[in-house]
Amino acid sequence: MVKKIPIGPFHPILEEPEFFELHVDGERVIGMDMTIGWSHRGIELLSEHKTWDQVPFLVERVCGICSCSHPYAYVKAVEDLCGVEPPLRAQFIRCIVAELERLHSHFLWTGLAGHFLGYNTVFMWTWRFREPILDVLEAVTGNRNHYAVMKPGGVRRDLPQEEIGNVLKLLDTLEKNNDMLTKAIVDDPVIHARTKGVGVFNKAQCRLYGALGPTARSAGYDVDIRRDHPIDAYDKVKFNVILCEHGDVFDKAVVRQLENFESIKIIRQCLKLIEDTKPGDISIEIKEVPPGEGIGAYEAPRGEVFHYVRSNGGNMPMRHKVRAPSFNNILTNELSVLGNTVADAGLITAAVDPCYSCTERVGIVDRRDGTRRVLTEADLVRLSHEKTELIRKRFAEGGGNR
Amino acid sequence: MSLALKALKKSPWIFHVNTGACNNCDIEILDCLTPRFDVERFGVVLVGSVRHADVLLISGPVTQNILPRLKRLYEAAPRPIKVVAFGACGCRCGIFRDGYNVVGPMDKFIPVDAYIPGCPPKPETIISGIVKVLNQL
């Protein structure tokens, strides 16, 4: 008996509206269909009516969580078009802000994954650890989110000398907290039981679907724009690209946790190197944008962000194309939910990161008699929580998994 | 004041709707629930269904696709319901006001009781906004 479960398009907790339709046979998911485009705002066309300097403010608002990665890719595209390089100090500041963003994004994800699993403690702890990152970002850039720090040719604000100590202090505490969290996740038998072997997406499928970011790296698909095509300061710092092999939800969590350590490493190196640069030398003026094309790519927390701009010599882009990683990553859900249970479906769609959206309500339509059962988002979360409870109990009785 | 209203003031339940925002408002709402700000101290709870809501927190410019859903959501909410337009986009469409797929700020389509400006509003602003809405009751 095939049933369809629509998930979406609203999710009461977070993220943009999206619509998934699960096809289920009893508890097993045997297919998935998805509709995106609920929050289509026409950003590319809007950007073609803004001047080169105004566009960063717009592309920042493509996504609130990657609000540094999109402007980063855009300014790289413009700089590619003009053939200029920003001053060294600007490169390091860009690098620092972008990596701080990656940290806060990964912490955010870990918390939400904990919430979906029924571990609200994880949710509260990680979000508490995340708060100081936002404080530092506010001190460095002037805003908790939407930093507005990127600008073609450099950055808008200099890193205040007195903030460097604060950032270093933050990194020390973050390292400790992240270490604790990673150990908690890796050691917990219930998290193992809930996430290992769930939502597997292997390397060959990653290549086929063009998966990006932690989604791809968790399956051993070695792709990281920061290393493959280093921009700005990334060829001056040393870091590792974290790879796992199984591609399940557990590995996706581990990849993100370990990437946090790499980000901390990168920021530390940048803060050291920035001391040799001259304060105040943070941007060069781009007087005129010549006709031509430019591309820019940056590894956002979720994967590669790609921007393309074309100029006809005017003061606005003639064409601006944005390609975000989530588009590829959402599609991977199609395969990774197959064969899993409905209780796991929420977790799997959440595991690719921005993409668990949307369960304002879940309706189950029985194809045979057309009856309709309506579940709420709360029900879906409850199903997931119940499963965790069950496994926890089984462990308490010494039974292990199954 | 009726008993129901009095109870409502003690513990307003909030349903959050994203009508095409960039997520940042949504994260800041979630941020309010976590230990630093912890609005659950005041009985504010984020609920999973609009049927349980006392306050609708709506963020983002209204896009063409979402408009019928937004109207349905508003009709499905129990009365009395307070609607809060959240963020610069929620109040006046912000930077997206010229977008071809953006049909306008939400107060063109549903009655709005309060506006919380900012891009995104800081958690302190959110809390003070909610308090002001409750004082209206």
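Two strands are taken to pair if DSSP finds at least two bridges between them. In the predicted model, strand 1 (residues 13-18) and strand 3 (residues 55-59) of chain B are joined by 5 bridges. These two strands run parallel. Within strand 3 of chain B, Leu57(B) stands opposite His16(B).

The pairing extends to an open sheet of 5 strands in chain B. The strand order is 2-1-3-5-7, and the pairing is parallel. Strand 2 (45-46) and strand 7 (114-116) of chain B form the edges. Each of these edge strands pairs on one side only.

Chain A is assigned two domains. Domain 1 covers 3-38 + 339-396, and domain 2 covers 43-323. Their contact draws 18 residues from domain 1 of chain A and 17 residues from domain 2 of chain A. On the domain 1 side, helix 13 (342-351) and helix 14 (377-396) of chain A each supply at least two residues. Helix 14 of chain A gives the most to this side, with 8 residues. By class, the domain 1 side comprises 9 nonpolar, 5 polar and 4 charged residues.

The contact between the chains takes 38 residues from chain A and 35 residues from chain B. Four helices of chain A each supply at least two residues of the side that touches chain B: helix 1 (43-47), helix 2 (55-60), helix 5 (120-141) and helix 14. Helix 5 of chain A gives the most to that side, with 4 residues. The side of chain A that touches chain B has 19 nonpolar, 10 polar and 9 charged residues.

How values were computed
Residues numbered from 1 in each chain as written. Chains lettered and ligands numbered in written order. Predicted model: local features only at pLDDT ≥ 70, side-chain atom pairs only at ≥ 80, totals over all residues. Domains from an automatic or database assignment. Contact = placed C-beta atoms within 7 Å. Nonpolar A, V, L, I, M, F, W, Y, C, P; charged D, E, K, R; others polar.
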